[in-house]
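Have a look at the sequence and the 3D structure, then read on for a quick tour.

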Amino acid sequence: MSFSVSVRAGIVVTGTEVLTGRVQDRNGPWLADQLLELGVELRHITLCGDRPADIEAQLRFLADEGVDLIITSGGLGPTADDMTVEVVARFCERELVLDDALEVKIGDIVTGLMTRFPGVDLDAVRAANRKQALVPAGAVVLDPVGTAPGVVVPGSPTVVVLPGPPRELQPMWDAAVTTDAVQAAIADRTPFEQQTVRMFGLPESGLADTLRAAESSVDGFEHLEITTCLRRGELEIVTRYEPRYAGVYTDLMTALRDRHPREIFSEDGALVDDQIAGLLEGRRIATAESCTGGLLAARLTERPGSSAYVVGGVVTYSDAAKVELLGVDPALIAQHGAVSEPVADAMARGALDRFGSDTAVAITGIAGPGGGTATKPVGTVCFSVALAEGAESSTVTRTMTMPGNRSDVRERSTTIAMHLLRRILVGGG
């Protein structure tokens, strides 16, 4: 690849609870996306516990890497283990000073919060929070979103100190970016375009082969930074490039469409979940699930406004439940087995009838860990997507055998069901 990004950044995520995995880091990935949009190259994300020497070691490591901007998250609270500001001040060779106006502001916030806890010693609480008003001399103070303020310390590198809770960090980052210190640090950034393509039904090896071919056939391919990721059974292809190389990206997309016209389902980054939400507008959908235990229904209802089109769902593990709740013919189960395309189709039709819907999806399978046979091993799943009788009556039924553990099979099954649903709704079958 051929890139000349002139502004580089590093992120230090602090917190022993994050380091040990008790809390998942959401700030590092979110900040990475924000830097990408700004045209700033992220060199490293580091994690460390609430130990001053470790925090300072991460700061010095990033400085030695030559980054222009360091962002920290966490360690801004009133307790003894919250010491990020103190460490940053020492790293930047600045004295900690009390900001009187900030102390008053934090005190007012804390007083308001403490009204919900009668009997609390407000003087003791204010004393504990006084340390949050200590900031490096010459730093720009970022107003608290919760009780913890952030700071921006100008220099080489410039350091942005943000709180740990994402609901506080995210709006505070927006404020930090507008400061003169951060704008000066990122002034020489290179703007990039970023495009996301999503594919389904193609192995990673198939995409790798296509990209190798494109490397030879697409003039200027070296100016595209391409990353691929397998997520929920789908391939995500993210391409970054300088605006002047937009034509190269257009040629890459031509190559992808030529080789994988059916597998590409999104060229604008939209998730299949978002696409289906749009396709279901004006429709009514019901689900019938066995091995996925309601996960498909849960996925369909994740989007705001889903109650307008999701009318109900049934989870039926036993044969008796399939018969009683979905009207599946017992003879059909006896002849083909509960995990079979005929039964999946009957479950979908049963969901249509039970809920009076015009669209239904059924899943029946063996997710494991036991229960498989030589002809139907663990991972065998049957799907049926049905549209109600009428001018657009249609059914798509498939059987897939998937590797992995119970969780893998269940998650991949919901993804396959979503794509089968999408294809029938767009008329692709």
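The notes below cover a strand, a core, some salt bridges and a helix.

This is a predicted model, where local features need pLDDT of at least 70 and side-chain atom pairs count only at pLDDT 80 or more, while totals for chains, interfaces and linings use all residues. Residues are numbered from 1 along each chain as its sequence is written, and side-chain values use heavy atoms, with hydrogens and water left out.

**A buried strand**

- Helices (H or I, at least four residues) and strands (E, at least two) are DSSP runs, numbered from the N terminus.
- Take strand β3, residues 69–73: five of its five residues are buried, so the rest of the structure largely encloses it. Buried means under 20% relative accessible area, exposed means over 50%, and partly exposed is in between (1.4 Å probe, protein chains only).
- Leu-69, Ile-71 and Ser-73 point one way from β3, Ile-70 and Thr-72 point the other way, and all are buried.
- Which strands does β3 pair with? Strand β1 (residues 8–14) pairs with β3 in the parallel sense over five bridges, and so does strand β8 (residues 158–162), again parallel and over five bridges. For two strands to count as paired, DSSP has to find at least two bridges between them.
- Ala-9 has Leu-69 of β3 as its bridge partner, and Ile-70 has Val-159 in β8.

**The nonpolar core**

- The largest nonpolar core has 29 residues, and Ile-285, Leu-300, Phe-383 and Leu-421 have the most contacts inside it. Such a core is a set of buried Ala, Val, Leu, Ile, Met, Phe, Trp, Tyr and Cys residues joined through side-chain atoms within 4.5 Å.
- At least two residues of this core come from each of α11 (272–279), α12 (295–300), β15 (359–365), β16 (380–387) and α16 (406–425). The most come from α16, which gives eight residues.
- Leaving out residues up to four places away in sequence, Leu-421 touches Ile-276, Ile-285, Leu-300, Thr-359, Val-361 and Val-385. Contact here means heavy atoms within 4.5 Å.

**Salt bridges**

- Side chains of opposite charge can pair when their charged atoms come close.
- A salt bridge is a side-chain nitrogen of Lys or Arg within 4 Å of a carboxyl oxygen of Asp or Glu, and by this rule the count comes to 18.
- Arg-259 and Asp-209 form one of them, at 2.8 Å from N to O. This pair links distant parts of the chain, with Arg-259 in helix α10 (residues 246–259) and Asp-209 in helix α9 (residues 204–217), 50 residues apart.
- Arg-259 is partly exposed at 42% relative accessibility, and Asp-209 is partly exposed at 34%.
- Glu-225 and Arg-240 also meet in a salt bridge, at 3.0 Å from N to O.
- Arg-244 pairs up with Glu-242, their closest N and O atoms being 3.0 Å apart. Arg-244 is exposed at 61%, but Glu-242 is buried at 12%.
- Glu-56, Arg-60, Glu-86 and Arg-90 are linked in a network of salt bridges.

**Helix α2**

- Helix α2 (residues 27–38) has 12 residues and reaches 17 Å from its first C-alpha to its last, close to the 16 Å expected at 1.5 Å a residue. That expected span is 1.5 Å times one less than the number of residues.
- The buried residues of α2 include Trp-30, Leu-31, Gln-34 and Leu-35.
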